[in-house]
Structure formats: structure tokens, C-alpha cells
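Open the model in your viewer and keep the selection panel at hand. This tour goes from one selection to the next.

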Amino acid sequence: VILMEAAKTLLTGDVLLSSAFISYAGPFTKIYRDKLMNITFFEFLKTRFASGDTPEIPMSIENPNHMSILTSDAEIAIWNQDGLPADLVSTENGAILNNTNRWPLIIDPQLQGIAWLRNKESAPGRN
């Protein structure tokens, strides 16, 4: 309960960071995504809102993890069972696809993401 209360106070900044990931990091490689999230977005939110007249936004400082907001280990296991590769980039791509209202562009030269989407969306209720 204590951990959940602490996480609740940090929710605003963590959701803001996760929203930035979904909105801007999708088309980039893993190296650039990490740089974008950890250096650009995180540092901006930490420094911009920690100084000046704007009140500080509470967020996870030690270990900012946008994936913990966007998905759970159980959901990732279901994606892997449906054919999504277990690497971190594929998991991040799955989180983007599951947390957007629009269909993002999928560049998938090995056709692994397409196979996963077909398995995921093949339920009779989806047709």
C-alpha cells in the first residue's frame, strides 16, 4: 500500500513522460528513442518544471520507466504468445499500438509485427 501511495503521487509526471513517448518516439530506432526519452524529454521536464514560477511536476526521478505506465508484464506475455518478438523495441512498438486511437505507420521488413497484429486482431468479435 505504501508503494502504491508513492506511485500515485508520481503519476502525473510519469503519464506525461509516457504520453511523450507515444506521441514522438515511435518512428525512431532504440538508440535514438533512449536518447529522446532520457536526455531530451526527461531532462526538459525535470529542469523546466523544477525552476521558475511553474510548480514542480512530481515524477519518478531515479528510474523513469514509461513502459510501466503503458503496459504490464502480463500484457507483454500475451503479446509474445500472439507472435510479437520478445525484444524491447518490439515491446515498445506493441505498447504504442495498444495505446493509440489511430493506426500508426508500421515499417516491418521481417513481417513479424504484421503477423502479431493478425493474431491479435483475429478474434471473432473484432470482425
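**Start inside a helix**

Select Asp14, which is found in helix H2. The model is a predicted one. Is Asp14 buried or exposed? Asp14 is buried because its relative accessible area is 12%, and the cut-off for buried is under 20%. Now show what surrounds Asp14. Not counting residues up to four places away in sequence, Asp14 touches Pro58, Met59, Ser60 and Ile69.

**Cross to Ile69**

Move to Ile69, in helix H4. Ile69 counts as partly exposed, at 32% relative accessibility. Which residues does Ile69 contact, leaving aside its neighbours within four places in sequence? They are Leu11, Asp14, Val15 and Ser18.

Colour residues 11-25, which make up helix H2. The helix has 15 residues and reaches 20 Å from its first C-alpha to its last. That is close to the 21 Å expected at 1.5 Å a residue. Next, colour the buried positions of H2: Gly13, Asp14, Leu17, Ser18, Ala20, Phe21, Ile22 and Ala25. An α-helix has 3.6 residues a turn, so residues three or four places apart point the same way. Look at what lies over the buried residues of H2. The cover includes helix H3 (30-48), helix H4 (66-70) and helix H6 (88-98).

**Into the core**

Pick Leu17, one of the buried residues of H2. Leaving aside neighbours within four places in sequence, Leu17 is in contact with Met37, Phe41, Phe42, Leu45, Met59 and Pro64. Leu17 also belongs to the largest nonpolar core, which has 21 residues.

**On to H6**

Select Ser90 in helix H6. Ser90 is buried, with a relative accessible area of 13%. Its contacts, leaving aside neighbours within four places in sequence, are Leu84 and Pro85. Now draw a line from the C-alpha of Ser90 to that of Val1. The two are 89 residues apart in sequence and 32 Å apart in space.

**Stop at the loop**

Follow the chain to Leu111, in the loop between H6 and H7. Check its backbone. Leu111 is not a glycine, yet its phi is positive, at about 60 degrees. Is Leu111 buried or exposed? Leu111 is exposed, because its relative accessible area is 54% and the cut-off for exposed is over 50%.

**Zoom out**

Show the protein chain as a cartoon. How many helices and strands does the protein chain have? There are seven helices and zero strands. From the N terminus on, the order is α-α-α-α-α-α-α. Along the principal axes, the C-alpha atoms fill a box of roughly 50 × 35 × 25 Å. Of the 127 residues, 30% count as buried. Among contacts with a separation of 6 or more, 56% join residues 24 or more positions apart.

Finish with the surface. The protein chain exposes about 8,800 Å², and carbon and sulfur atoms supply 58% of that area. Colour by charge to end the tour: the mean positions of the 10 positive and 14 negative charges are 7 Å apart.

Notes
Residues are numbered from 1 along each chain as its sequence is written. This is a predicted model: local features need pLDDT of at least 70, side-chain atom pairs count only at pLDDT 80 or more; totals for chains, interfaces and linings use all residues. Side-chain values use heavy atoms; hydrogens and water are left out. Helices (H or I, at least four residues) and strands (E, at least two) are DSSP runs, numbered from the N terminus. Buried means under 20% relative accessible area, exposed over 50%, partly exposed in between (1.4 Å probe, protein chains only). Contact means heavy atoms within 4.5 Å. Accessible areas come from the Shrake-Rupley method with a 1.4 Å probe; for residues, only the protein chains shown count as cover. Lys and Arg count as positive and Asp and Glu as negative; His and the chain ends are not counted. The place of a charge is taken as NZ of Lys, CZ of Arg, CG of Asp or CD of Glu. The expected span of a helix is 1.5 Å times one less than its number of residues. A nonpolar core is a set of buried Ala, Val, Leu, Ile, Met, Phe, Trp, Tyr and Cys residues joined through side-chain atoms within 4.5 Å.
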